[in-house]
Amino acid sequence: MHRDKNIVASDHYRRQNWGMRTLTCSLLLLIPGFGCGSPGTLAPKNAVQILCTTEMLAGPMRTLCGPHADVTSLMGAGVDPHLYKPSPRDVQRILDADLVLFHGHHLEGRMGEILGGHGGEHREASNRRFIAICERIDDQRLIRSSAGTIDPHLWMDISLWQDVIEQMELVLSELDPDHREYFRSAAATLDEELALLDEQVMQMLAMIPEERRILVTAHDAFGYFGRRYRLEVMGIQGISTESEASIDRVNTLVATLSERNVPAVFVESTVPERNIRALIEGCSSLGHSLEIGGVLFSDAPGPVGSGAARWRDMVLHDARVISEALR
Ligand SMILES: [Zn+2]
């Protein structure tokens with residue numbers, strides 16, 4: 001594999017540390033629940049190491065890379081990226097990776113210091129690359145809150161995430177030009193599959209009657225989803241779970257849900273249910289029966305076996321749950 005000359009500098013570091021990593025992996029494998037790398041990874045041990053912050057990035061990245069890189073993610077099922085703080089082991093994984101791919105736009109709110117915060121792309125002194133891939137998308141296409149903050153939940157609109165995946169392909173082709181054709185072909189196949197998935201989600205949600213097209217969730221993760229698939233979206237918390245919900249916000253939502261006779265609201269797998277419960281109680285006191293329509297996977301996929309363990313299955317799962325509850 002031809003390697004980007006800027007990355008070769010880290011090879012020496014990695015070779016030196018390979019023995020220690022192998023030993024550490026061996027020790028960790030003795031502990032239930034621990035493993036090194038992704039199960040089923042085909043990449044050879046000297047393959048380019050790509051570390052993504054979330055599975056929303058890592059899933060498509062694995063598809064694009066095939067056997068030509070070892071792609072892992074920091075955050076697994078049920079982990080809230082807004083609140084995630086890296087462990088010492090995560091910091092070591094960040095230091096070991098040739099490429100660290102993150103969302104940016106402050107999605108990884110508490111990892112800012114390590115990832116370099118806002119700024120698109122930078123290199124560490126040791127030449128490891130850090131890329132905020134979503135910051136490569138034109139701001140004009142992104143949603144801003146009233147406070148001017150960019151909504152970082154781009155993966156909830158499949159068509160927009162297709163454009164992010166196109167950016168991933170460009171990054172890979174620059175990183176490993178010898179396999180450019182492989183990446184291009186994998187990206188084209190994935191793009192076709194995602195166009196069909198986008199259409200499927202569109203049709204599923206089109207079945208909700210006009211007056212019921214209101215999606216209320218624990219936090220504002222569905223702005224892009226609502227824009228793409230024509231739902232009015234209201235979150236109890238804002239676009240980050242770092243800020244708490246206000247009583248005023250809960251009261252406003254209770255009034256809206258009751259007035260418009262909305263049948264269901266939704267829990268998110270990464271956010272505690274207490275605010276959703278407050279809505280249900282508030283509506284009940286006004287004589288409106290509000291139900292939990294189901295659990296949505298917004299900021300992290302579901303566990304293996306949930307049917308939503310990959311990014312694309314998360315979105316499909318959410319569309320199915322929302323469509324069934326609001327129809
Ligand atoms: Zn979020």
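In this account, helices (H or I, at least four residues) and strands (E, at least two) are DSSP runs, numbered from the N terminus. What you are looking at is a predicted model, where local features need pLDDT of at least 70, side-chain atom pairs count only at pLDDT 80 or more, and totals for chains, interfaces and linings use all residues. Residues are numbered from 1 along each chain as its sequence is written.

**The overall picture**

The protein chain has ten helices and nine strands. Of its 327 residues, 41% are buried; that label goes to a residue with 20 or more other C-beta atoms within 10 Å of its own, while 12 or fewer makes it exposed and anything in between partly exposed, with C-beta atoms placed from the backbone. Next come contacts: two residues are in contact if their C-beta atoms, placed from the backbone, lie within 7 Å. Take the contacts in the protein chain between residues at least 6 apart in sequence, and 66% of them join residues at least 24 apart.

Helix α5 covers residues 158-175, and at 1.5 Å a residue its 18 residues should span 26 Å. The expected span is 1.5 Å times one less than the number of residues. The end C-alpha atoms of α5 are 25 Å apart, so the model agrees with that figure.

**Two helix pairs**

Two packed helices are described by the angle between their axes and the distance between the axes. Here the axes are lines fitted to C-alpha atoms, for helices over the stretch in contact, and angles run from 0 to 180 degrees between N-to-C directions.

| Helix pair | Axes come within | Crossing angle |
|---|---|---|
| α6 (residues 180-206) and α10 (residues 311-326) | 9 Å | roughly 15° |
| α8 (residues 247-259) and α9 (residues 274-285) | 9 Å | roughly 50° |

Angles under 35 degrees count as roughly parallel, over 145 as roughly antiparallel, 65 to 115 as roughly perpendicular and the rest as oblique. So α6 and α10 are roughly parallel to each other, and α8 and α9 are oblique. As for handedness, a crossing is left-handed if the near helix is turned anticlockwise from the far one by less than a right angle, and right-handed if clockwise. The crossing of α6 and α10 is left-handed.

Who touches whom there? From α6 come Leu197, Val201, Met204 and Leu205, and they meet Arg312, Val315, Leu316, Ala319, Arg320, Ile322 and Ser323 in α10. Sorted by class, this contact has eight nonpolar residues, one polar and two charged. (Ala, Val, Leu, Ile, Met, Phe, Trp, Tyr, Cys and Pro count as nonpolar, Asp, Glu, Lys and Arg as charged, and the others, Gly among them, as polar.)

The crossing of α8 and α9 is right-handed. Its contact uses Val250, Leu253, Val254, Leu257 and Ser258 of α8, plus Asn275, Ala278, Leu279, Gly282 and Cys283 of α9. That makes seven nonpolar residues, three polar ones and no charged ones.

**Some loop residues**

Most residues other than glycine have a negative phi, and most peptide bonds are trans. His105 has a positive phi, near 50°. This residue sits in the loop between β3 (99-102) and α4 (112-115), and His105 is buried because 20 other C-beta atoms lie within 10 Å. Arg230 also has a positive phi, about 60°. You'll find Arg230 in the loop between α7 (223-229) and β7 (232-237), where it is partly exposed, with 13 other C-beta atoms within 10 Å.

Gly109 belongs to the loop between β3 and α4. It is partly exposed, with 17 other C-beta atoms within 10 Å. Tyr84 is 25 residues from Gly109 in sequence, yet their C-alpha atoms are 7.7 Å apart. Leaving aside neighbours within four places in sequence, Gly109 is in contact with His82, Ser240 and Glu242.
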